[in-house]
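The sequence and the structure are shown first.

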Amino acid sequence: MSTKDDLTIRIGGEGGEGIISSGDILTQAATRSGLNVLTFKTFPAEIKGGYAMYQLRLSGEKIISTGDGFNVFVAFNEEAYKVNKSKLTEGTVFLYDGGGAGGFEPEELPGVTSYAIPMSKIAKEDLGTYRSKNMVALGAIAHLFSISFKNLEEIVTSKFKRKGDEVVEINIKALQAGKSYVEKELKKTDTLKVASLEEKEDIIVIDGNAAIGLGALLAGCDFFSCYPITPATEVANWLSNFLPKVKGTLIQAEDEIASLGNVLGAAYAGAKAMTATSGPGLSLMSELLGMACMAEIPCVIVNVQRGGPSTGLPTKHEQSDLFLAAHGSHGDASRIVLSCDNVEDCISLTIEAFNLAEKYQTPVILLSDGSLGMRKEGIKRPDLSKVKTVERLKHDSSSNGDEPFMRYKITDNWISPMSIPGMEGAAYVATGIEHGETGAPKYTPDNHELMGKKRFEKIKNVEDDLPESKRIGDEQADIGLIAWGSTQGDVTEAVNRARAEGLKVAALFPKLVYPVPIKAIEKFNKTVKKIMVPEINYQGQFADLIQAATGIPVIKYNIYGGFPFTPKEIHNKIKETI
Ligand code: COA
């Protein structure tokens, strides 16, 4: 094993300099060696310019969060250096673009091991293309920290293949130039390197957005429509490659309203249908979300949250669409809201979202977020034999007799058989207007009360459909944290640290966030002295929903600066609160 089994490398530079590609390539190369990887990236909303950053945490062990900071920082330019200077503390390693031709010279950094690598100079003067500066850096990083150079070459070849042989060739040369600069000109004085592993697991590298696409395919999704929006577009990009292969249909609509309209039409016609968007898109979908509820049409709406309100922070992280997901739309519009914790969850919870939508004939909103959607993780290859799918309750035409088809028939569990257009004797009109059991308009007070109740009662016990919420920590604790979404990893790491110091701490991670999983929270409350809800929004949205649904007072802990929590922040808050 290495001197450091948990290494975090951060690469910073200007958007357009190939920071994201560098991080992706390193991630792939490290995963191919069997290392566990978890990434975080952030970049400006502009296509070119501004500070972009990619961070990879590499370990021989399973990683659950991006961690507190970095061990190695690679600066492609002076701006990136300035942004990260305060974090270049004792023991960190700093690689920077030095040596003229666009490079810079940082000041003396006490306790930091600094390596000047003339990335721009080598790229421009030796290779004749500034574009390959990032590959010079990668060659140097790989050699310094023992990341397989062979893997790196293979990944670079497959990454740039679509750009032509010349691009591949120059980038391989750039990798080699970076490596040989380190070999000839630098003496490694730090002790950091990635873990060396004896056994490799069968893992795939995938980001949260692609994992949602994969989950949709496994659930049997055969129709997808969306309007592109950061940071959700990659769900569509992934599905555009794979949905046609299973004879599915993908439509890029003119806006988010049309996207959900397409989805409702397809689902009404029998398809398993999904759309994916981010906050502003979900706002636009609110009206049709109500229609999906009223017409009882199964559908999945993915919302990869970003900073809001309005256009807000398109490329930054926030968990502030929970109120909208739970309550958006006029009238009493019921729906189910689930939230993904990690990349593996993006696969399994998407399948769950389809299954619940089909079972309850209702819209299901699946919440992810910018950090999770763009996070790459090496995960175990999913076991397809374990995938279970649910189909909606279909009308049986042979059972009609002389009775008219009752699309919204009141049944014991409030779920009514649904017909597919073309079924004999089972035509009905699905609209947003209140209706009686046949689907014909009906506005009597009794009927509206009955149908309103039907739409809520059918999902009342949805908590029982999902596996019990994961709970970690002490059986009896001084403080219990309830976390939703990608905050789970940071909370887990913080709870582990606090317990290692002897504090009594527990945490609960519900995947169902609306209707609030009352049973799980009440059970958890009996085992902890107080509850704290850390979340990345100003209002404390989940905290408010929990208090409203259970009456249990909770302590809010909120940050909302566009970045996820670090375990350290949560650990400190636990100590302070206890
Ligand atoms: N040789 C050849 N091509 C290279 C290369 C190399 N050595 N290194 C990178 N590239 C290419 C990449 O393949 C990519 O090309 P592609 O677009 O054809 O895939 C391109 O250069 C950009 O590089 P990449 O590494 O992907 O990104 P970056 O780190 O330079 O950052 C972004 C650019 C991602 C920040 C920027 O383009 C972007 O998309 N900004 C966000 C826009 C947004 O979503 N706004 C919100 C709207 S509401």
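## Helix α4 and residue L144

L144 is located in helix α4, which spans residues 133-145; helices (H or I, at least four residues) and strands (E, at least two) are DSSP runs, numbered from the N terminus. With a relative accessible area of 2%, L144 is buried. Buried denotes under 20% relative accessible area, exposed over 50%, and partly exposed in between (1.4 Å probe, protein chains only). Leaving aside residues up to four places away in sequence, L144 touches L95, Y115, V182, K188 and L192, where contact means heavy atoms within 4.5 Å. L144 and L192 are separated by 48 residues in sequence, and their C-alpha atoms are 8.3 Å apart in space.

The model is predicted: local features need pLDDT of at least 70, side-chain atom pairs count only at pLDDT 80 or more, and totals for chains, interfaces and linings use all residues. Residues are numbered from 1 along each chain as its sequence is written, and side-chain values use heavy atoms, with hydrogens and water left out.

The ligand is surrounded by 23 residues, of which the closest are G16, I19, S21, A45 and T230; a residue is near a molecule or strand if one of its heavy atoms lies within 4 Å of it. This shell divides into ten nonpolar, eight polar and five charged residues. In that division, Ala, Val, Leu, Ile, Met, Phe, Trp, Tyr, Cys and Pro count as nonpolar, Asp, Glu, Lys and Arg as charged, and the others, Gly among them, as polar. Helix α1 supplies the largest share of the shell, three residues.

Polar backbone atoms of G18 and I20 each lie 2.8 Å from an oxygen atom of the ligand. A polar side-chain atom of K163 is 3.0 Å from a ligand oxygen atom. The ligand alone exposes 960 Å², of which the protein buries 73%; accessible areas come from the Shrake-Rupley method with a 1.4 Å probe, and for residues only the protein chains shown count as cover. Two or more residues of the shell come from each of α1 (19-32), α4 and α6 (165-185).

T8 belongs to strand β1, residues 6-14, and is buried at a relative accessible area of 5%. Beyond residues up to four places away in sequence, T8 touches Q55, L56, R57, T66, G69, F70, N71 and V72.

K124 lies in helix α3, residues 119-126, and is partly exposed, at 39% relative accessibility. Its contacts, not counting residues up to four places away in sequence, are A101, T129 and Y130.

Helix α17 (residues 541-550) has Q541, F542, A543, L545, I546 and T550 as its buried residues. These pack against α11 (322-327), β16 (479-482), β18 (512-514), α16 (518-525), β19 (531-535) and β20 (555-558). G551 follows α17 and has a positive phi, near 75°.

T527 occupies the loop between α16 and β19 and is buried at 17% relative accessibility. Its side chain makes a polar contact of 2.8 Å with the side chain of R471. A polar contact is a pair of N or O atoms within 3.5 Å; within protein, one must be able to donate a hydrogen and the other to accept it, and residues adjacent in sequence count only if both atoms are side-chain atoms.

## Backbone geometry

Most residues other than glycine have a negative phi, and most peptide bonds are trans. A cis peptide bond joins T230 and P231, with omega about 0°; P231 is in the loop between β8 (223-226) and α8 (233-242). Another cis bond joins Y514 and P515, with omega about -5°, and P515 lies in the loop between β18 and α16.

E296 has a positive phi, near 55°, and sits in the loop between α10 (279-294) and β11 (299-305). W414 has a positive phi near 70° and is buried at 16% relative accessible area.

## Cysteines

The whole structure contains zero disulfides, a disulfide being a pair of cysteine sulfur atoms within 2.5 Å. The sulfur of C346 is 4.1 Å from its closest cysteine sulfur, in C340, which is too far for a bond. For C226, the closest cysteine sulfur, in C221, is 11 Å away, also too far for a bond. C346 is buried at 0% relative accessible area, and C226 is buried at 5%.
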